[in-house]
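Please open the structure in your viewer and keep the selection tool at hand. The stops below proceed from one selection to the next.

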Amino acid sequence: MQGRVCQLLLVNALTCGLEVCMAAGTFYIPPLLLQAGIEERYMTMVLGVGPVLGLIFVPVIGSYSDSWRGRFGRRRPFIWLLCVGVLLGLQVLPQASHLAALLYPQSPRWLEGVLLVGAACLLEFSGQACFTPLEALISDQFPGEEESRRAFSVYSLMISLGGCLGYLLPALDWSHAPTAAYLGGQEAFIYVLITLIFLTCLVSTVFISEDRWTGGERTRKGVSVSSTLSPSHWRSRYCGHPLLSWAQCVRMAVGWCVSLCVSALPRVYGVCMSFPAVIRRLFVAELFSWMALMSFMLFYTDFMGVGLYRGVPNATPGTQERLRYDEGVRMASVGLFLQCLISVVCSILIERWMVLLGTRAVYVSSVILLALATAVMSFSKSVVMVTVMAAATGYTFCVLQVLPYTLLCLYHSDKRVFFSSARPSQQGESDDHTHSKPLLPPDNASPNVSLPLDREGEAVPLPQRGMCLDMAILDSAYLLSQVLPALCLGSIVQQSHSVSAYMASACFLSLLSLLCSTSVVFTRSDLHRLTGSKGDTPMLRGLKD
């Protein structure tokens with residue numbers, strides 16, 4: 001028992017460190033972009049690039065993680081690779097102006113913008129994509145319904161703790177500290193600090209005891225599918241010559257991986273579109289819930305600095321307009337810190353609430369609270385009232401971190417019941433909780449079905465669909481929830497000439513989420529009630545097959 005608790009804490013140590021980076025690191029992205037001279041409508045679009053990349057590649061990462069076989073397990077190689085992207089983004093963001101001046105001293109302004117945009121996209125994509133294999137790793141180690149509920153409660157707790165620390169750091173004024181002055185200011189100091197925190201948490205993944213692959217599972221044309229995807233197979237089969245150096249092998253393997261991923265995208269997309277109706281309903285409700293919450297969280301700093309404190313983000317440093325904006329940004333950090341603090345408390349109690357009240361009551365109440373809080377923020381000009389409402393959304397944040405994954409584990413615990421309404425391609429799935437119907441067609445498949453080919457002209461088996469892919473689909477709702485507001489809200493704010501449009505949009509999306517929650521399957525009785533012919537509604541029929 002103690003060993004399982006230790007493993008859970010080790011996995012969630014990185015979860016906490018990653019959330020520190022995402023909270024503190026992305027907190028400064030809007031101000032940095034605005035200070036670099038990027039217009040608000042383009043700034044909001046930049047915030048959507050990382051999630052767009054996630055929508056494309058996270059399902060692919062999840063699918064390959066389900067089928068990966070290697071000495072470090074199925075999840076950790078992908079976690080480590082994405083953590084490299086997080087570290088690179090953290091280093092470039094605070095030093096973009098210095099790097100631009102060093103690389104192109106004649107006209108560094110445009111290069112600074114390019115570096116900021118690239119680093120912001122890399123940080124957001126890598127950080128958000130890294131949560132998917134982390135969630136799958138938790139599900140692998142705690143597969144049961146009750147176990148998964150407790151495990152994801154701890155997961156939500158660690159995310160909330162990481163958010164508390166991540167939002168607390170920018171709320172403090174570090175500009176007068178000698179170390180901050182030496183490093184180049186408040187932003188540079190905070191980025192160095194969260195890098196050290198992240199590296200410390202990353203070390204914990206070395207001690208995670210993840211299952212290793214010891215034998216073949218399924219063969220095609222006499223070749224093991226799992227061994228085909230192993231690192232040793234790549235070196236012996238795709239490097240061309242056994243005497244090539246590892247550097248040459250890596251370059252050739254990277255080229256092969258890129259071509260394989262590109263060729264696998266249409267098939268992965270087809271599998272994602274064929275997932276069961278219960279997951280589609282959960283996806284739609286989660287999408288609108290996250291869109292409402294992210295419309296508030298992504299632009300809360302701009303809302304406070306411009307709307308309540310009447311500051312100007314691109315004003316000259318030291319002027320009253322700039323000082324008011326900076327003060328509003330710090331106050332926004334306080335509000336988001338309180339949000340995470342409330343989420344910490346809720347993470348401790350949410351398991352008991354779900355047992356006493358039921359998952360439906362917990363989810364619906366969180367959406368109602370979000371709609372109420374954003375409605376108050378849309379009209380209130382009181383800093384205290386807006387901060388209190390921001391803190392209250394911590395309950396919604398906690399619920400969205402726990403409940404969807406708990407429901408997904410419930411669905412996978414009894415596939416014959418919950419996935420019985422899936423499309424024909426999903427019928428006959430295995431009962432194993434990490435593997436379902438493979439992406440690879442059978443040997444007697446139609447010749448029109450094409451597979452990616454290796455250098456010798458043989459078909460390369462594609463990975464199977466499992467828990468990580470389904471979690472990637474749910475995580476895509478989180479990613480998509482950032483894309484749509486990022487593309488639309490900047491133009492809406494410019495047309496309305498008021499940053500209160502951020503909160504009004506969040507309130508409207510909360511009401512849509514409340515409507516969609518009526519179709520979510522929370523229990524087995526909900527499944528029979530919602531799929532019964534007498535209880536169909538136009539909305540439910542649209543969500544069915």
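A residue is termed buried under 20% relative accessible area, exposed over 50%, and partly exposed in between, using a 1.4 Å probe and protein chains only. The model is predicted, so local features need pLDDT of at least 70 and side-chain atom pairs count only at pLDDT 80 or more, while totals for chains, interfaces and linings use all residues. Residues are numbered from 1 along each chain as its sequence is written, and side-chain values use heavy atoms, with hydrogens and water left out.

**First stop: Gln 339**

Select Gln 339, which lies in helix α15; helices here are DSSP runs of H or I with at least four residues, strands are runs of E with at least two, and both are numbered from the N terminus. With a relative accessible area of 0%, Gln 339 is buried. Next, display the residues around Gln 339, where contact means heavy atoms within 4.5 Å. Leaving aside residues up to four places away in sequence, Gln 339 touches Leu 293, Phe 296, Met 297, Ala 390, Ala 391, Thr 393, Gly 394 and Phe 397.

**Second stop: a pair within α15**

Remain in helix α15, which comprises residues 320-357, and select Arg 322 and Asp 326. These two residues form a salt bridge, with the closest N and O atoms 3.5 Å apart; the term denotes a side-chain nitrogen of Lys or Arg within 4 Å of a carboxyl oxygen of Asp or Glu. Because Asp 326 and Arg 322 are four residues apart in the helix, about one helical turn separates them. Asp 326 is partly exposed at 24% relative accessibility, whereas Arg 322 is buried at 11%.

How many salt bridges does a search of the whole structure find? The search finds three. To view the others, select Arg 74, Arg 75 and Asp 140, which are linked in a network of salt bridges.

The side chains of Arg 74 and Asp 140 meet at 3.2 Å, N to O. Arg 74 lies in the loop between α3 (40-67) and α4 (76-92) and Asp 140 in helix α6 (residues 108-141), so this pair ties together parts that are 66 residues apart in sequence.

Now move to Arg 75, whose salt bridge with Asp 140 has its closest N and O atoms 2.7 Å apart. This pair also links distant parts of the chain, Arg 75 being in the loop between α3 and α4 and Asp 140 in helix α6, 65 residues apart.
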